[in-house]
Amino acid sequence: EEYDPPGATALPGVSGNIRFESVVFGYDASREVLRGISFEVRPGEVAAFVGPSGAGKTTITGLVPRFYDPQQGRVLVDGHDVRTVTLESLRRDIGIVTQETYLFHDTIANNLRYGKPDATDAELQAASRAANIADFIAGLPGGYDTVVGERGHKLSGGERQRLAIARVLLKDPRILILDEATSSLDYENEAAIQKALE
């Protein structure tokens with residue numbers, strides 16, 4: 001259940017420093033996934049977590065926006081323990097693209113604007129070009145007004161993924177978390193998106 005702790009304060013403008021201090025986490029008491037994890041990622045740096053399935057890579061990425069809390073240790077953003085700040089202020093400057101892309105039953109434009117409601121049409125188009133999905137959208141009968149989602153236009157995994165990447169590029173967050181974000185893309189799309197992310 002998501003909640004703000006009593007006395008939570010809004011995180012001021014985020015610069016993007018992330019620090020884990022002796023973090024211990026398990027989904028249940030019998031299965032620790034992370035044991036004493038400590039590291040720091042400074043603003044502007046790129047950190048990559050590499051390891052076998054089940055090693056805890058996705059778990060680490062879920063602790064930053066507080067999808068879970070550690071049983072021991074601390075996760076800090078800009079020196080603030082994430083358990084002491086409001087979720088809205090914490091997540092405002094975090095963009096996440098995972099292997100599982102969730103699109104709302106709504107227009108492509110509204111799906112893209114989810115992280116930045118006041119984005120202009122020009123910004124939508126620029127983000128779509130960067131994510132290599134603009135030509136696909138232009139070819140749809142309704143363009144950006146095409147409805148996608150459960151009962152909407154049927155998109156391939158790669159198309160959904162590129163929309164999710166366009167959405168996060170549009171939001172332009174200070175902290176960008178990619179969890180196997182390009183796994184459902186072919187080499188050409190992946191190369192174009194790597195360039196856009198850089």
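In the predicted model, the side chains of T101 and Q161 are joined by a polar contact of 2.2 Å, a polar contact being a pair of N or O atoms within 3.5 Å, of which, within protein, one must be able to donate a hydrogen and the other to accept it, with residues adjacent in sequence counted only if both atoms are side-chain atoms. T101 is located in the loop between strand 5 (94-98) and strand 6 (106-107), where helices (H or I, at least four residues) and strands (E, at least two) are DSSP runs numbered from the N terminus. Because its relative accessibility is 17%, T101 counts as buried; the classes are buried at under 20% relative accessible area, exposed at over 50% and partly exposed in between, with a 1.4 Å probe and protein chains only. When neighbours within four places in sequence are left aside, T101 is in contact with R160, Q161 and A164, contact meaning heavy atoms within 4.5 Å.

This is a predicted model, in which local features need pLDDT of at least 70 and side-chain atom pairs count only at pLDDT 80 or more, whereas totals for chains, interfaces and linings use all residues. Residues are numbered from 1 along each chain as its sequence is written, and side-chain values use heavy atoms, with hydrogens and water left out.

A second polar contact between side chains links T86 and S89 (2.7 Å). T86 is placed in the loop between strand 4 and helix 2 (87-92) and, with a relative accessible area of 17%, is buried. Residues up to four places away in sequence not being counted, T86 touches D4, A8, T9 and A10.

The model contains an open sheet of 4 strands, with antiparallel pairing and the order 2-1-3-4. Its edge strands are strand 2 and strand 4 (80-81), each of which pairs on one side only. Strand 1 (residues 18-28) pairs with strand 2 (residues 31-41) in the antiparallel sense over 7 bridges, two strands being paired if DSSP finds at least two bridges between them.

Helix 4 (residues 121-130) packs against helix 6 (residues 157-171) at an angle of about 130 degrees, their axes lying 8 Å apart; axes are lines fitted to C-alpha atoms, for helices over the stretch in contact, and angles run from 0 to 180 degrees between N-to-C directions. Helix 4 and helix 6 are therefore oblique to each other, since angles under 35 degrees count as roughly parallel, over 145 as roughly antiparallel, 65 to 115 as roughly perpendicular and the rest as oblique. The contact involves E123, L124, A127, S128 and A130 of helix 4 together with A166, L169 and L170 of helix 6.

In the loop between helix 4 and helix 5 lies N132, which has a positive phi of about 65 degrees although it is not a glycine; N132 is partly exposed, with a relative accessible area of 33%. A134, found in helix 5 (residues 134-138), counts as buried at 15% relative accessibility. Neighbours within four places in sequence aside, A134 is in contact with S128, R129 and Y144. D172, in the loop between helix 6 and strand 8 (175-179), likewise has a positive phi, near 55 degrees, and is exposed, with a relative accessible area of 60%.
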